[in-house]
Amino acid sequence: SHGAFVKRADAVCSAYAAAAKPLPKPTLYAQVVAYTDTDLPLYEAALRRLEALKPPPQDRAEVQQWLAADRRVAAALRALGVAALRHDYPAVTSAIESLQSAGLASSQAADTVGLTVCGR
């Protein structure tokens with residue numbers, strides 16, 4: 001059911017939120033690399049768990065949009081880490097912009113699905 005799916009998805013997101021740290025305002029590339037090295041594996045693991053959930057038929061399209069936005073978040077996090085490793089300030093800036101855009105899309109899609117923890 002819709003309610004059961006929302007409950008399971010929000011539980012996955014709660015576990016991720018408890019383990020993850022927010023993106024700091026770094027002053028060194030090493031801080032960005034440390035953040036992505038820690039957060040990206042947690043995010044990707046949560047995303048795999050979310051992708052394994054079976055949404056009810058009426059929610060499938062909205063859930064696919066939400067998960068697509070979450071995959072863009074993961075890609076932006078990955079790009080952020082690579083850019084920081086290269087000390088490439090323009091690429092870091094671009095990755096952060098992509099991360100913010102994908103995060104907003106994820107949040108909006110999560111709201112459409114009816115999630116209360118995911119997308120926050």
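At what angle do the axes of helix α3 (residues 60-85) and helix α4 (residues 89-113) cross, and within what distance do they come?

Reply: In this predicted model, the axes of α3 and α4 cross at roughly 160° and come within 8 Å. Since angles over 145 degrees count as roughly antiparallel, α3 and α4 are therefore roughly antiparallel to each other. The crossing in which α3 passes α4 is left-handed, and the residues of this contact divide into 20 nonpolar, 5 polar and 3 charged.

On α2, the helix α3 has another partner: the axes of α2 and α3 come within 9 Å and cross at roughly 155°, which makes α2 roughly antiparallel to α3. Here, too, the crossing is left-handed. The α2 residues that make the contact include Y35, T36, D39, L40, Y43 and L50, and those of α3 include W66, D70, R71, A74, L77 and R78. By class, the residues of the contact of α2 with α3 are 16 nonpolar, 2 polar and 6 charged.

Leaving aside its neighbours within four places in sequence, L77 is in contact with Y35, T36, D39, L40, Y43 and L99. L77 is also listed, together with F5, A9, L50, W66 and L115, among the residues with the most contacts inside the largest nonpolar core, which has 36 residues. The elements that give two or more residues to this core are α1 (2-19), α2 (29-52), α3 and α4, and the largest share, 10 residues, comes from α3.

To complete the picture, α1 and α2 have axes that come within 10 Å and cross at roughly 170°, and that angle makes α1 roughly antiparallel to α2. In this pairing, A9, V12, C13, Y16 and A19 of α1 meet D39, L42, Y43, A46, R49 and L50 of α2, and the contact has 9 nonpolar, no polar and 2 charged residues. R49, which lies in helix α2, counts as partly exposed because its relative accessibility is 43%, a value between the 20% limit for buried and the 50% limit for exposed. The C-alpha atoms of R49 and V12 are separated by 7.1 Å, although these residues are 37 residues apart along the chain.

Notes:
Residues are numbered from 1 along each chain as its sequence is written. This is a predicted model: local features need pLDDT of at least 70, side-chain atom pairs count only at pLDDT 80 or more; totals for chains, interfaces and linings use all residues. Side-chain values use heavy atoms; hydrogens and water are left out. Axes are lines fitted to C-alpha atoms, for helices over the stretch in contact, and angles run from 0 to 180 degrees between N-to-C directions. Helices (H or I, at least four residues) and strands (E, at least two) are DSSP runs, numbered from the N terminus. Angles under 35 degrees count as roughly parallel, over 145 as roughly antiparallel, 65 to 115 as roughly perpendicular and the rest as oblique. A crossing is left-handed if the near helix is turned anticlockwise from the far one by less than a right angle, and right-handed if clockwise. Ala, Val, Leu, Ile, Met, Phe, Trp, Tyr, Cys and Pro count as nonpolar, Asp, Glu, Lys and Arg as charged, and the others, Gly among them, as polar. A nonpolar core is a set of buried Ala, Val, Leu, Ile, Met, Phe, Trp, Tyr and Cys residues joined through side-chain atoms within 4.5 Å. Buried means under 20% relative accessible area, exposed over 50%, partly exposed in between (1.4 Å probe, protein chains only). Contact means heavy atoms within 4.5 Å.
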